[in-house]
Amino acid sequence: MTLRSLLDASDLTPTRRWPRPGHDHFWQRAAMSRRRFLGTTAGATGLALGAGMLARYPALAARASRVPKPIPGGTVLGGTLFHLFLPSDPGPGADPSVITDFNGAVGLAEITGRGTDGDGDELFFSVDNRFMQGEFIGLDGRHFNGTFGFF
Amino acid sequence: MDIFTGPVPAPDFSNQIHDFNPGIAPSGLFWTVAVPRGSVEKHPGSGEARWVLENFAIRDFFSVVNSLFGPGDNIAARVSFEMNWLGGGDRVAVRSLANDFTGKFVTGPAAVEWSASNSAGFTFESAPASTSESHFAYVGKERNGAFF
């Protein structure tokens, strides 16, 4: 529901600042940039390292190679292509997997509901979660079996 | 996994206060990470499945707009959930030449009960799964890309 709502959004500019309770020094540590955060992920490893370096460090190459590839298509939101199809009923226009070169089981669910925060205040949630479990071809072209979650 | 102060997203998403996802990889892999194999029990033939994660490390981007379009500030977070797909709905076979995939799926309702916390001290606990509302849900088997 959240992502689907983006299709109709007229103004995608955040209009409020993120809540920032706690000490300033915490936020200095915690609010790392997205680029820095993503640069620490396994996915970044697979792309950032050249083939030559991976050949010299087999253990690193093995770790990086287990990274699956995104589906080539997807959904344009705010003028940018994101490699997923929005949740919908099964159909030819909506591959539920976000991993390509994949052969296995998938589950998709979009669910909404209510809950409470630590102060007992009522909040509302929207969940679009998916699992993918099976064979896939990693970034290095090798075949693996794995289980992945989309949140 | 998104949290709002109102029942539906505001047009500018200004009522969204938390967005728990693992980020977008430089490859473009979208909000997806490896999870323990044993966390998933699935029965694609019947459309039933159960997915349970406990205290799973993730990031809180606070807003889908921040997550997708930046600046991308995020902090450490944890989520726990149990999702159940009940199956029993339509059996749907799909073959898409345009999107290079084929699959057989079984629809049916799904339900979730979950909790979350972040390193800033926020905590959330959903109401029981029986109160959640399923919009789209299915389980199946598929092949795409090189396996299509």
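Glu41(B) is partly exposed, with a relative accessible area of 43% (buried means under 20% relative accessible area, exposed over 50%, and partly exposed in between, with a 1.4 Å probe and protein chains only). Its side chain meets that of Arg50(B) in a salt bridge, 3.5 Å from N to O; the term stands for a side-chain nitrogen of Lys or Arg within 4 Å of a carboxyl oxygen of Asp or Glu. Arg50(B), at 32% relative accessibility, counts as partly exposed too. Salt bridges that share partners tie Glu41(B), Arg50(B) and Glu82(B) into one network.

The model is predicted, so local features need pLDDT of at least 70 and side-chain atom pairs count only at pLDDT 80 or more, while totals for chains, interfaces and linings use all residues. Residues are numbered from 1 along each chain as its sequence is written, chains are lettered from A and ligands numbered from 1 in the order in which they are written, and side-chain values use heavy atoms, with hydrogens and water left out.

A search of the whole structure turns up six salt bridges over all chains. Side chains of opposite charge can pair when their charged atoms come close. In chain A, one of these pairs is Glu122(A) with Arg114(A), at 3.0 Å from N to O. Glu122(A) counts as partly exposed because its relative accessibility is 42%, and Arg114(A) is partly exposed as well, with a relative accessible area of 45%.

Another pair sits in a buried setting. Arg130(A) and Asp128(A) meet through their side chains in a salt bridge of 3.2 Å, N to O. Arg130(A) has 1% relative accessibility and therefore counts as buried; Asp128(A) is buried too, since its value is 11%. The two side chains also make a polar contact at 3.2 Å, that is, a pair of N or O atoms within 3.5 Å; within protein, one must be able to donate a hydrogen and the other to accept it, and residues adjacent in sequence count only if both atoms are side-chain atoms. Asp128(A) belongs to strand S4 of chain A. Setting aside its neighbours within four places in sequence, Asp128(A) is in contact with Leu3(A), Pro87(A), Ala109(A), Glu110(A), Phe150(A) and Phe151(A), where contact means heavy atoms within 4.5 Å.

As for the chains themselves, chain A has six helices and five strands. Helices (H or I, at least four residues) and strands (E, at least two) are DSSP runs, numbered from the N terminus. Of its 151 residues, 52% are buried. Among the contacts in chain A with a separation of 6 or more, 45% are between residues 24 or more positions apart.

Chain B comes to one helix and 11 strands, in the order β-β-β-β-β-α-β-β-β-β-β-β. Its C-alpha trace spans about 45 × 35 × 35 Å along the principal axes. Buried residues make up 57% of the 148 residues of chain B. For contacts in chain B between residues at least 6 apart in sequence, 56% join residues at least 24 apart.

What about the place where the two chains meet? Here 91 residues of chain A are in contact with 95 residues of chain B. The size of an interface is often given as the accessible area lost when the parts come together. Between chain A and chain B, the buried area is about 7,700 Å², with carbon and sulfur atoms giving 66% of that; this is the accessible area (1.4 Å probe) that two parts lose on being put together, summed over both.

Several elements of chain A each supply at least two residues of the side that touches chain B, including helix H1 (2–6), helix H4 (42–48), strand S3 (102–117) and strand S4 (122–137). The largest share, 15 residues, comes from S3(A). By class, that side of chain A has 49 nonpolar, 28 polar and 14 charged residues; Ala, Val, Leu, Ile, Met, Phe, Trp, Tyr, Cys and Pro count as nonpolar, Asp, Glu, Lys and Arg as charged, and the others, Gly among them, as polar.

S3(A) also pairs with strand S11 (residues 133–144) of chain B, in the antiparallel sense over 10 bridges; two strands pair if DSSP finds at least two bridges between them. Within this pairing, Leu108(A) stands opposite Tyr138(B) in S11(B).
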